Each structure stands twice: as C-alpha cells, then as structure tokens.
Amino acid sequence: MTIEAATQYHADRANTAWAEASEAAQSAALIRAQDYITDTYDLRDDATGDPRLARATYELALVALADSLVETVSPQIVREKVDGVVEVQYAEGVIADRFPTISRILAPLVKPKISTGFQSVKVCL
C-alpha cells in the first residue's frame with residue numbers, strides 16, 4: 001500500500017481531505033491505519049495482497065488524518081446509589097467495535113476462531 005494508491009483511492013471517492021493533507025501526514029496516517037489493523041484483527045496469511053485489506057487501510061488512514069485510532073476506555077457507571085452509603089457499580093469491560101465498517105470489510109480475511117471447549121450459559125427462570 002502506497003501513498004499514491006491511497007491518493008487514487010480517495011480521489012476516486014472525492015475525499016478531498018486526503019488530497020489536502022501533506023505527504024508526511026498521509027504517510028503517518030497510513031502507518032497508523034496499518035498498525036491498527038495489525039493490532040486489532042487476526043488476518044489470514046494470504047490477506048496481504050487482498051484489495052479489501054487495502055480498502056480498509058485507506059479508509060482508516062482517512063480517519064487517522066483527523067483523529068486518533070487509539071481509544072481510551074473509561075468504565076461506564078451502570079448503577080449509583082446514594083442513601084447515606086455510596087455504592088457505585090461499573091459496567092463489565094465490553095468495548096464496542098469502533099469501526100464496524102472496517103470490521104465488515106475485513107471479515108472474510110480474518111482467521112476463524114477455534115473453540116477449544118464448552119461455553120457455559122446461566123439461565124435464570
């Protein structure tokens with residue numbers, strides 16, 4: 001994936017923010033996008049030359065020009081009680097997919113997850 005290919009991709013889609021960015025900013029954005037994909041998705045070994053990987057990288061690079069791809073997660077309060085005693089309950093550490101379109105583009109390139117055991121489900125009646 002190159003700056004030239006990314007520039008053509010964004011020109012074809014009239015994404016003017018890409019063309020307005022300096023080459024140094026474009027290069028840094030491509031690196032951040034590639035880092036995010038590498039750190040977030042377990043891609044198959046043959047995904048390297050797939051056009052969907054390039055598309056996902058170019059789309060994320062456009063976001064990376066203006067915003068950080070790394071998010072800071074703060075615990076969400078789901079219950080707070082104040083009756084002389086302070087009680088605070090935080091949500092479990094579930095992080096929503098920040099870039100669902102990228103996940104859909106890359107879905108066919110992700111290694112299948114292998115289950116190594118049984119999953120337990122608690123049923124309350």
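Author: Let me begin with a term: contact means that heavy atoms lie within 4.5 Å. Helices are DSSP runs of H or I with at least four residues, numbered from the N terminus. This is a predicted model, in which local features need pLDDT of at least 70 and side-chain atom pairs count only at pLDDT 80 or more, while totals for chains, interfaces and linings use all residues. Residues are numbered from 1 along each chain as its sequence is written, and side-chain values use heavy atoms, with hydrogens and water left out.

Reader: Okay, what do the buried residues of α3 pack against?

Author: They pack against α1 (3-12), α2 (16-20), α4 (51-66) and α5 (100-106).

Reader: And which residues of α3 are the buried ones?

Author: The buried residues of α3 are Gln-26, Ala-29, Leu-30, Ala-33, Tyr-36 and Ile-37, where buried means under 20% relative accessible area, exposed means over 50%, and partly exposed is in between, with a 1.4 Å probe and protein chains only. They cover an arc of only 125 degrees around the axis, which puts them on the same side of α3; the arc is that of the directions from the helix axis to the C-beta atoms.

Reader: Which exposed residues sit on the face turned away from that buried side of α3?

Author: That face carries Ala-24, Thr-38 and Asp-39, which are exposed.

Reader: What about α1, which residues are buried there?

Author: In α1 the buried residues are Ile-3, Ala-6, Tyr-9 and His-10. Seen down the axis of α1, they fall within an arc of 125 degrees, so they line one face of the helix. The face of α1 turned away from its buried side carries the exposed residues Glu-4, Ala-11 and Asp-12.

Reader: Why would residues three or four places apart point the same way?

Author: An α-helix has 3.6 residues a turn, so residues with that spacing point the same way.

Reader: Switching topic, at what angle do α1 and α4 pack?

Author: The angle is about 80 degrees, and the axes of α1 and α4 are 10 Å apart; axes are lines fitted to C-alpha atoms, for helices over the stretch in contact, and angles run from 0 to 180 degrees between N-to-C directions. The two helices are therefore roughly perpendicular to each other, given that angles under 35 degrees count as roughly parallel, over 145 as roughly antiparallel, 65 to 115 as roughly perpendicular and the rest as oblique.

Reader: Which residues meet there?

Author: From α1, Ala-5, Ala-6, Tyr-9 and His-10 meet Arg-55, Tyr-58, Glu-59 and Leu-62 in α4.

Reader: Which residues of the largest nonpolar core touch the most other members?

Author: Of its 25 residues, Ile-37, Leu-60, Ile-102 and Leu-106 touch the most other members. The helices α1, α3, α4 and α5 each supply at least two residues of this core, and its largest share, seven residues, comes from α4. A nonpolar core is a set of buried Ala, Val, Leu, Ile, Met, Phe, Trp, Tyr and Cys residues joined through side-chain atoms within 4.5 Å.

Reader: What is Leu-60 in contact with?

Author: Leaving aside neighbours within four places in sequence, Leu-60 is in contact with Ala-33, Tyr-36, Ile-37, Leu-69, Phe-99 and Ile-102.

Reader: Last one, where is Lys-111?

Author: Lys-111 lies in the segment after α5 and is partly exposed, with a relative accessible area of 33%. Although Lys-111 and Leu-43 are 68 residues apart in sequence, they are 5.5 Å apart in space, C-alpha to C-alpha.
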